[in-house]
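Visitor: I have a structure open and would like to learn how to read it. Could you take me through a few features?

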Amino acid sequence: MEQTNKLQCHTLTNGQRKTCLYDKHVALGAQMSPFGGFIMPIQYSNIVDEHHAVRQSCGVFDVSHMGEVLITGVDAERYVNHIFTNDVRDMPVGKILYGMMCYEDGGVVDDLLIYKMAADRFFLVINAANIDKDWAWIQEQAVGFDVCLEHQSDLYGELAVQGPQAEKVMEEVLGLACKELSFYTFKTIPSTLLPPPSTVIVSRTGYTGEDGFEIYATPQYINDCWDKLMAAGVKPCGLGCRDTLRFEVGLPLYGDELSADITPIMAGLGIFVKLDKPSFIGRDALARQKAEGPQRKLVGIELQDKAIPRHGYAVLKNGQPIGEVTTGYHTISTDKSVCMALIDASCAALGTEVEIQIRKKTFPGVVCKKRFYDKHYKK
């Protein structure tokens, strides 16, 4: 592996970023493709096998393309609450919260995780495709706050170990004690043998609907973990099944179910918008939208046919357009053709009959819940 990969997580080749595990993916014969400015593995064997591995046993994902920002200082808590829809004021150290950064009109800058490391220390995990945009936004909003902002994306690699056997794999293969962690908590493991960041962060989080963990550490440590997992026969998984897994359990993807034009209220994520906390960016617009009701809502739709609805396909009611598909698949776990779609709120009631335009034909469907498969988190 090139020396640059040993020193930082992200390297640049022909305008595309690579993670510290790029060479290992190529060596395994992974199908590589651009994603969010990175060249990432889409699949190794096939998406179906990788999907089932996570649902039934354990799989590992390279998610080193995710971005990390550290916020410290006297005003760290106040500043994070200013840019974040969730409320970090009573958040204990070692806890993680999910939420959004929003524009003043309620549109979403990004959805993200916030790790509370200390009263004045917060670790933000942001989406790969939004790293540059988010970093600029975070800097712009910090005016007037006594905080230190550190863009640490190039320092960290990240693995996601996911599935019902994930805890066993973490303990027995990687030697990382994690049984005490509950869902959406984390711990840091000091390491005097590694350069900064000198701690390994282990969290009980993921993006699959299964129990699992995410490991943040130096590229060297991540490479060592990957090698141990491969030697133990843990299934390497690409972004293809990461999408099918998250979709089945109704988890949103920025750019599909959330965007500058799709607010958390439209997406049905109001639980992560704490309107009773002090003012935050976008609060007034979101409060107004919640009170009045959004004009569009994100819903699930089940088709009666095996045709597959794709992103951007039109949703119709009595032949008239009412919205469009955000994500659609023939689900691997349940063998159904389903989708999430953003449609007129007047048509969003469960059981409403609609049609989806797929090429030159329309296919009947019924509005249903957005979660097509039950989550299996350890509480």
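Guide: We will go through a sheet, some aromatic rings, the cores, a helix and the cysteines. This is a predicted model, where local features need pLDDT of at least 70, side-chain atom pairs count only at pLDDT 80 or more, and totals for chains, interfaces and linings use all residues. Residues are numbered from 1 along each chain as its sequence is written, and side-chain values use heavy atoms, with hydrogens and water left out.

Visitor: In which order do the 6 strands of the open sheet come?

Guide: Strands of a sheet pair through backbone hydrogen bonds, either parallel or antiparallel. Strands (E, at least two residues) and helices (H or I, at least four) are DSSP runs, numbered from the N terminus, and two strands pair if DSSP finds at least two bridges between them. Here the order is S12-S13-S14-S11-S5-S15, with mixed pairing. Strand S12 (186–190) and strand S15 (235–237) are the edges, each pairing on one side only.

Visitor: How many bridges join S11 to S14?

Guide: There are 6, and the two strands run antiparallel. Glu 158, for instance, has Tyr 216 in S14 as its bridge partner.

Visitor: Which helix lies across S11?

Guide: Helix H7 (residues 219–231) lies across S11 as well as S5, S13, S14 and S15, and runs at about 30° to S11. Axes are lines fitted to C-alpha atoms, for helices over the stretch in contact, and angles run from 0 to 180 degrees between N-to-C directions. Contact means heavy atoms within 4.5 Å.

Visitor: How is a pair of aromatic rings described?

Guide: A pair is described by the distance of the centres and the angle of the planes. Rings of Phe, Tyr and Trp (its six-membered ring) pair if their centres lie within 6.5 Å; planes under 30 degrees apart are stacked, over 60 edge-to-face and the rest tilted. This structure holds 12 such pairs.

Visitor: Which residues have the most contacts inside the largest nonpolar core?

Guide: In soluble globular proteins, nonpolar side chains tend to be buried together. A nonpolar core is a set of buried Ala, Val, Leu, Ile, Met, Phe, Trp, Tyr and Cys residues joined through side-chain atoms within 4.5 Å. The largest one has 48 residues, and those with the most contacts inside it are Phe 61, Met 100, Tyr 115, Phe 123, Ile 201 and Leu 258. A second, separate core of 30 residues includes Val 69, Val 80, Ile 114 and Leu 124.

Visitor: How many residues of helix H8 are buried?

Guide: Helix H8 (residues 239–248) is mostly covered, with 10 of its 10 residues buried. Gly 250, with a positive phi near 75°, follows H8.

Visitor: How many disulfides are found?

Guide: A disulfide is a pair of cysteine sulfur atoms within 2.5 Å, and the whole structure has 0. Cys 9 is in none, and the nearest cysteine sulfur, in Cys 20, is 4.1 Å away. The sulfur of Cys 347 is too far for a bond because the closest cysteine sulfur, in Cys 339, is 14 Å away.

Note on methods:
Buried means under 20% relative accessible area, exposed over 50%, partly exposed in between (1.4 Å probe, protein chains only).
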